[in-house]
Amino acid sequence: MTGWVITASTLDGAGHIMLLAYGIVDSENGVAWSWFFEQFKEAYGERKNMCIVSYKNERIIKSVSRVYPTVSHFSCIWHLWNNVYKKFKKSHSKLSEIYFSMAKAYTQVEFDSIMEKVEKVDFKVKEYLKLVGYKKWARLYAPVNMGWTMTSNIVESINAALVSARELPIYDFLEEVRKMFGRWNCSNRKEASHTYTVLGKQYQEMRTLNEAMSTRMTVVPSNEYLHTVNDEGRHYTVCRLKRKCSCGRFQVNELPCPHAWTVLKSKFLMPEDYCSDYYKSKSVVMTYEVPVYPLPNQNEWNIPAHISEEVVLPPKWKRSPGRPKKKRDKSFSELLQKKNQHSCSTYGQRGHNKSTCRNAPRRT
């Protein structure tokens, strides 16, 4: 098939990929993106605290600002890092871990501390990130809660799953997409229906980890709702009424952080009552209440006369020079990871090759 597949997706309350919309367009231009967002808005409307995360494409930016003028639009932190990598090659190796920690920082103190490290490595990088706008990529400055979705990497996962289907004619391709996501949705709903935990799998694991971390902490109450938690010499303030902690995680993740866990245990309260309903298995089941409906056989379709009589001409298309591409275009981050994945042909270990292997026996 020719053309472009454009998609919109999110994560459900168990951390699974959930496709919201997809379409085929002749070109990834402004008209196509505007059409896609218009159809998306007709289907889903505009919701409270809604936000969009995408790679920094001028066509997408303009289309979102026109169709969703009041919705927050964030840059994918991976694509932004790719820009930093290309512009400031001399300092990228020192900045990688620092940058992602800063993007995910929960408090102003944490953000400022990491930014100081960035400034020491390369002042120009700090200026570049400031010019982009902190509220476009840093979770701390976001006008709405970005939650866990700070990249558009879900799109890459969907693209990888559709590689073989791209060889099919357009009708067969669309049918394969429908069936694939029907299977995904059915599987996710079945998992949520048969789980014995209150929360979805991914967030249940986070809950368990936070509980384990809380065992080393002590709590001092100030009143019924306000408490001070001692975490290895550092003090944090937890407000149970507002569901907030000075570490920032309780209110952003909408899960009790280890400090909140300590308080809730001291009060003999159920931590699940302080988790977002979105993470709960019953909400995941409700997410998939509407199925992806099967289509009848093509000869049983009831096609209106004004549609069947319409003459649709094939699109104007000129074959590109060279052999047709069989593989999807890989993102810069994927290429970067592949470039750095050296392996030793003798022992199979990663991070070095045969000539630099330290495990090889030395000649005497």
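Arg189 sits in helix α8, where helices (H or I, at least four residues) and strands (E, at least two) are DSSP runs numbered from the N terminus. This is a predicted model, in which local features need pLDDT of at least 70, side-chain atom pairs count only at pLDDT 80 or more, and totals for chains, interfaces and linings use all residues. Residues are numbered from 1 along each chain as its sequence is written, and side-chain values use heavy atoms, with hydrogens and water left out.

Back to Arg189. With a relative accessible area of 34%, Arg189 is partly exposed; buried means under 20% relative accessible area, exposed means over 50%, and partly exposed is in between (1.4 Å probe, protein chains only). Setting aside its neighbours within four places in sequence, Arg189 is in contact with Val285, Tyr288 and Glu289, contact being heavy atoms within 4.5 Å. Its C-alpha atom is also 9.7 Å from that of Lys282, which is 93 residues away along the chain.

Ser193 belongs to helix α8 too, which covers residues 170–194. Ser193 is partly exposed, at 37% relative accessible area.

### The whole protein

Zooming out, the protein has 14 helices and 8 strands. Of its 364 residues, 38% are buried. The accessible surface comes to about 23400 Å², and 53% of that belongs to carbon and sulfur atoms; these areas come from the Shrake-Rupley method with a 1.4 Å probe, and for residues only the protein chains shown count as cover. Take the contacts between residues at least 6 apart in sequence: 56% of them join residues at least 24 apart.

Thr7 counts as buried, at 15% relative accessibility. Leaving out neighbours within four places in sequence, its contacts are Leu19, Ala21, Tyr22, Phe36 and Val155.

### Two helix pairs

Now for two places where helices pack. The axes here are lines fitted to C-alpha atoms, for helices over the stretch in contact, and angles run from 0 to 180 degrees between N-to-C directions.

| Helix pair | Angle | Axis distance |
|---|---|---|
| α5 (residues 108–121) and α6 (residues 123–132) | about 130° | 5 Å |
| α9 (residues 201–213) and α11 | about 75° | 8 Å |

Met115, Val118, Glu119 and Val121 of α5 make the contact with Phe123, Val125 and Lys126 of α6. Sorted by class, that contact has 5 nonpolar, no polar and 2 charged residues. Ala, Val, Leu, Ile, Met, Phe, Trp, Tyr, Cys and Pro count as nonpolar, Asp, Glu, Lys and Arg as charged, and the others, Gly among them, as polar.

The other pair has α9 roughly perpendicular to α11. Here Arg207, Asn210, Glu211 and Met213 in α9 meet Pro258, Trp261 and Lys265 in α11. The class tally for this contact is 3 nonpolar, 1 polar and 3 charged residues.

### Positive phi in two loops

Two loop residues are worth a click. Arg243 has a phi near 55°, a positive value in a residue other than glycine. Arg243 lies in the loop between β7 (234–239) and β8 (244–245), and is partly exposed with a relative accessible area of 36%.

Glu254 isn't a glycine either, yet its phi is positive, at about 60°. You'll find Glu254 in the loop between α10 (249–253) and α11 (258–266). Its relative accessible area is 36%, so Glu254 is partly exposed.

### Cysteines

How many disulfides are there? The count comes to 0, taking a disulfide as a pair of cysteine sulfur atoms within 2.5 Å. Cys257 is buried, with a relative accessible area of 2%. Cys275 counts as buried too, at 3% relative accessibility.

Key. Parallel < 35°, antiparallel > 145°, perpendicular 65-115°, else oblique.
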